[in-house]
Amino acid sequence: MSDSTLVRTSRDVREEIQQTRPFRSSSQEALIALMRTASVLSRRVSRVVEPHGLSLAQYNVLRILRGAGAAGLPTLAIRDRMIDEGSTVTRLLDKLEKAELVIRDRSRPDRRQVLCNITPAGEALLALLDPLMDAVDDDIMAPLSEDQQRALIDTLGALRTGG
């Protein structure tokens, strides 16, 4: 990325949030740009799932349960795997169960543990959404080369882990 691209990007972020004063630091500017970008991309992805009656968090739960297979997952394991850590898993599961996209089972030896599974209707909905999500993923990442995507993955991983 050239210096002129960096300057243009910085100016765009300030314009998007209608900030007229300079950022206090590069760290602040980078963090705000990252948060703004996450918000913009999240809205783009939401537009794919919302017409099908799902929020992004509900879609995430369905994907997690599909990945778990027939064994299913306890509620706390779902929470630990969520992309958005602020989501209330119980409320998400209530809505998905009401829509008959997941089932919860307490009939295990430890009745405190609720085991969750995706239903055939949930599987069918994900099968419908998979090509749509693949297309939006590809569209969002199209401006970046494969090497840039790899570098972005590594950079974001370093930010999440603090090193």
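1. Salt bridges. In this predicted model, the count of salt bridges comes to six.

2. Arginine 44 and aspartate 139. The side chains of these two residues form a salt bridge, with N and O 2.3 Å apart. Arginine 44 belongs to helix H2 and aspartate 139 to helix H6, so the bridge joins distant parts of the chain, 95 residues apart.

3. Arginine 104 and aspartate 94. Here the N to O distance of the salt bridge is 2.5 Å.

4. Arginine 79 and aspartate 80. In this salt bridge the closest N and O atoms are 3.2 Å apart. Arginine 79 has a relative accessible area of 43%, so it is partly exposed. Aspartate 80 reaches 58%, and the limit for exposed is over 50%, so aspartate 80 counts as exposed.

5. The nonpolar core. How many residues does the largest nonpolar core have? It has 29, and Leu54, Val61, Leu62, Leu65, Ile78 and Met82 are those with the most contacts inside it. Helices H2, H3, H5 and H6 and strand E3 each give two or more residues to this core. Helix H3 gives the most, with seven residues. As background, nonpolar side chains in soluble globular proteins tend to be buried together.

6. Leucine 65. This residue is among those with the most contacts inside the core. Leaving aside residues up to four places away in sequence, leucine 65 touches Leu73, Ile78, Val102, Cys116, Asn117 and Ile118. One of these, Ile78, is also listed with the most contacts inside the core.

7. Alanine 99. Where is this residue placed? Alanine 99 sits in the loop between helix H5 (89-98) and strand E2 (102-105). Its relative accessible area is 45%, so alanine 99 is partly exposed. Alanine 99 and glycine 122 are 23 residues apart in sequence, and their C-alpha atoms are 9.0 Å apart in space.

Methods: Residues are numbered from 1 along each chain as its sequence is written. This is a predicted model: local features need pLDDT of at least 70, side-chain atom pairs count only at pLDDT 80 or more; totals for chains, interfaces and linings use all residues. Side-chain values use heavy atoms; hydrogens and water are left out. Helices (H or I, at least four residues) and strands (E, at least two) are DSSP runs, numbered from the N terminus. Buried means under 20% relative accessible area, exposed over 50%, partly exposed in between (1.4 Å probe, protein chains only). A nonpolar core is a set of buried Ala, Val, Leu, Ile, Met, Phe, Trp, Tyr and Cys residues joined through side-chain atoms within 4.5 Å. Contact means heavy atoms within 4.5 Å. A salt bridge is a side-chain nitrogen of Lys or Arg within 4 Å of a carboxyl oxygen of Asp or Glu.
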